[in-house]
Amino acid sequence: MTQDGKLAQIRHRIDTIDGELLRLLSERAACAQQVAEVKQAAGETVFYRPEREAQVLRQVAAANPGPLPDEAVAHIFREIMSACLALERPLTVAYLGPPGTFSQDATHKHFGQAISSLPQTTIEQVFREVDAGAADYGVVPIENSTEGAVTHTLDMFLSTPLTICGEVELAVHQQLLSKAPDLAGVKQIYSHAQSLAQCRRWLAGHLPGVACEAVSSNAEAARRAASEAGAAAIAGESAGRLYELTRLAANIEDEPGNTTRFLVIGRHDTQPSGRDKTSLLLSTGNRPGALASLLEPLRRHGISMTRIESRPARTGRWQYVFFIDIEGHVQDAPVQQALTELREVTALCKVLGAYPRATGDTP
């Protein structure tokens with residue numbers, strides 16, 4: 001058989017598979033509609049279940065025979081679920097904007113593209129929109145593997161009634177974007193303060209002496225780079241596409257594993273998914289061994305702590321609260337037992353949320 005004949009055979013097979021995929025997608029969407037009808041008949045008002053979506057993504061990754069990588073398969077199924085959910089009503093999701101930021105990338109990674117996006121100018125506004133019911137969920141940064149905690153997000157949990165419904169981990173690759181033809185044409189650099197910090201060694205080595213200015217977001221940096229001669233932005237690929245900038249240098253972050261973790265906030269609790277985290281807000285008196293008394297119940301019940309941060313309590317000088325992430329769901333027996341003991345030794349023990357652990361890497 002000739003090469004053309006072989007290609008024709010393969011392409012015919014692809015067309016047949018595509019037809020079957022389309023039929024199955026329509027069948028899946030019809031099932032999703034039936035699920036929505038059953039929930040509505042039962043009076044359920046919450047139709048998005050983070051734990052269910054996390055379970056589906058884990059199942060398809062575990063069953064993936066290749067050659068597509070797990071991340072690609074998870075991305076495809078995320079978009080399928082997003083489109084099916086939107087048949088009932090697209091979710092409205094607030095995030096730290098404007099469009100073109102890593103927060104938008106994290107939002108689409110978690111919820112897919114079939115949502116109504118609501119970019120906000122501050123983290124506080126994201127919380128406010130969700131609390132007021134203008135958004136179903138919000139996405140806010142909580143920590144970066146290079147620069148540490150986002151303290152403004154932590155502080156918002158001191159006063160909000162909202163709960164954590166999920167988390168997203170996004171590998172952050174910083175690009176140098178500009179209208180300039182090359183590095184020699186760059187006279188001014190704009191970026192968010194966190195991104196400038198994440199690239200300080202690269203900047204010192206490749207653009208020494210070039211002025212760097214921190215702005216409100218990487219998307220704002222890209223907007224300025226698009227409108228000012230000789231200006232460049234440190235931002236992600238999304239911002240570069242949005243403002244039609246040329247990439248002068250790729251992946252200029254100093255740490256190749258640079259990752260930002262985001263939290264999904266909402267107004268309802270999340271059921272166990274089988275692989276969960278629980279976030280706690282704890283405070284205790286300023287006395288010897290106070291921190292040890294918080295950690296001992298976790299050790300006694302075999303619970304792994306994945307993160308701890310302290311912040312001023314705002315109730316008095318040198319008073320602090322602790323934000324702690326632990327493995328397991330608040331409904332798990334060991335976690336319940338540890339919480340019972342923690343409430344006996346703390347002035348405050350608040351469950352900020354129990355939610356599925358982040359799955360996969362960047363889409």
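Colleague: How many bridges join strand 12 to strand 14?
Modeller: Seven bridges join them. Strand 12 covers residues 276-283 and strand 14 covers residues 320-327, and the two run antiparallel. Bear in mind that this is a predicted model.

Colleague: Which residue in strand 14 is the bridge partner of Leu282?
Modeller: Phe322 is the bridge partner of Leu282 there.

Colleague: What is the strand order in that open sheet of four strands?
Modeller: The order is 13-14-12-15, with antiparallel pairing.

Colleague: Which strands does helix 12 lie across?
Modeller: Helix 12, residues 333-345, lies across strand 12, strand 14 and strand 15. Against strand 15 the helix runs at about 160°.

Colleague: Switching to strand 11. Is it mostly covered or mostly uncovered?
Modeller: Mostly covered: of the eight residues in strand 11 (259-266), seven are buried.

Colleague: And how many bridges join strand 3 to strand 11?
Modeller: Six, and strand 3 (residues 137-144) runs antiparallel to strand 11. In strand 11, Thr259 stands opposite Ala171.

Colleague: Now helix 3. What length does it reach from its first C-alpha to its last?
Modeller: Helix 3 (residues 70-86) reaches 24 Å with its 17 residues, close to the 24 Å expected at 1.5 Å a residue.

Colleague: Which of its residues are buried?
Modeller: In helix 3 the buried residues are Val73, Arg78, Ile80, Met81, Ser82, Cys84 and Leu85.

Colleague: What do those buried residues pack against?
Modeller: Three helices: helix 1 (3-41), helix 2 (50-63) and helix 4 (102-111).

Colleague: Last one, Gln188. Where does it lie?
Modeller: Gln188 is in strand 7, residues 188-191.

Colleague: What does its side chain reach at 3.4 Å?
Modeller: The Gln188 side chain reaches the backbone oxygen of Ala211 at that distance. Leaving aside residues up to four places away in sequence, Gln188 touches Val210, Ala211, Cys212, Glu213, Gly230, Ala231 and Ala232.

Definitions and conventions:
Residues numbered from 1 in each chain as written. Predicted model: local features only at pLDDT ≥ 70, side-chain atom pairs only at ≥ 80, totals over all residues. Heavy atoms only, no water. Expected span 1.5 Å × (residues − 1). Buried < 20%, exposed > 50% of the residue type's maximum accessible area, 1.4 Å probe, protein only. Contact = heavy atoms within 4.5 Å. Polar contact = N/O pair within 3.5 Å; in protein donor to acceptor, adjacent residues only side chain to side chain. Pairing = 2+ DSSP bridges. Axes fitted to C-alpha atoms, helices over the stretch in contact; angles between N-to-C directions.
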